[in-house]
Amino acid sequence: MNGSKKHNQSPKAPDQEARTMRDETPFGIWLSRGLHKLFDDIAHEPIPEYLLKLIEDDRSR
């Protein structure tokens, strides 16, 4: 052997893979709700004009 190991991962069932992507596990739901409580107000604030100008200036390059 050359010291390298191959990772043998069994393929996930389609429903398990979809659940992992949506993260509907109890922990995922708890985390999502907690993050929404913390950051929804901030995410809904308007973007400052100076930041919009920086983005537009960068796009025009």
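Select Arg59 and Glu56 to begin: they sit three residues apart in helix H3, so about one helical turn separates them. Helices here are DSSP runs of H or I with at least four residues, strands are runs of E with at least two, and both are numbered from the N terminus. The model is predicted, so local features need pLDDT of at least 70 and side-chain atom pairs count only at pLDDT 80 or more, while totals for chains, interfaces and linings use all residues. Residues are numbered from 1 along each chain as its sequence is written, and side-chain values use heavy atoms, with hydrogens and water left out.

**Helix H3**

Show the side chains of Arg59 and Glu56. They meet in a salt bridge, with 3.2 Å from N to O. The term means a side-chain nitrogen of Lys or Arg within 4 Å of a carboxyl oxygen of Asp or Glu. Side chains of opposite charge can pair when their charged atoms come close.

How open is each partner to the surroundings? Arg59 is exposed, with a relative accessible area of 62%, and Glu56 is partly exposed at 44%. Buried means under 20% relative accessible area, exposed means over 50%, and partly exposed lies in between (1.4 Å probe, protein chains only).

Next select Lys53 and Asp57. Their closest N and O atoms are 2.9 Å apart, and they form a salt bridge. Lys53 and Asp57 are four residues apart in helix H3, which covers residues 49–59, so about one helical turn lies between them. An α-helix has 3.6 residues a turn, so residues three or four places apart point the same way. Lys53 is exposed at 52% relative accessible area, and Asp57 is partly exposed at 35%. The structure holds two salt bridges.

**Helix H2**

Move to residues 26–43, helix H2, and select Phe27 and Trp30, which lie three residues apart there, about one turn of the helix. The structure holds one aromatic pair. The ring centres of Phe27 and Trp30 are 5.6 Å apart and the planes stand at 35°, so this pair is tilted. Rings of Phe, Tyr and Trp (its six-membered ring) pair if their centres lie within 6.5 Å; planes under 30 degrees apart count as stacked, over 60 as edge-to-face and the rest as tilted. Phe27 counts as exposed at 52% relative accessibility, and Trp30 is exposed at 60%.

With Phe27 and Trp30 they make a nonpolar surface patch of about 770 Å². Patches are made of residues with over 30% relative accessible area and no salt bridge; like charges are joined within 9 Å, and nonpolar side chains (Val, Leu, Ile, Met, Phe, Trp, Tyr) within 5 Å. Leu35 lies in helix H2 and is partly exposed, at 41% relative accessible area.

Centre on Lys37 next. H2 bends there by about 40°, the bend being the angle between axes fitted to the seven residues ending at a residue and the seven starting there.

**The whole chain**

Zoom out. The chain has three helices and zero strands. Of its 61 residues, 2% are buried. Its accessible surface comes to about 6,600 Å², of which 57% belongs to carbon and sulfur atoms; the areas come from the Shrake-Rupley method with a 1.4 Å probe, and for residues only the protein chains shown count as cover.
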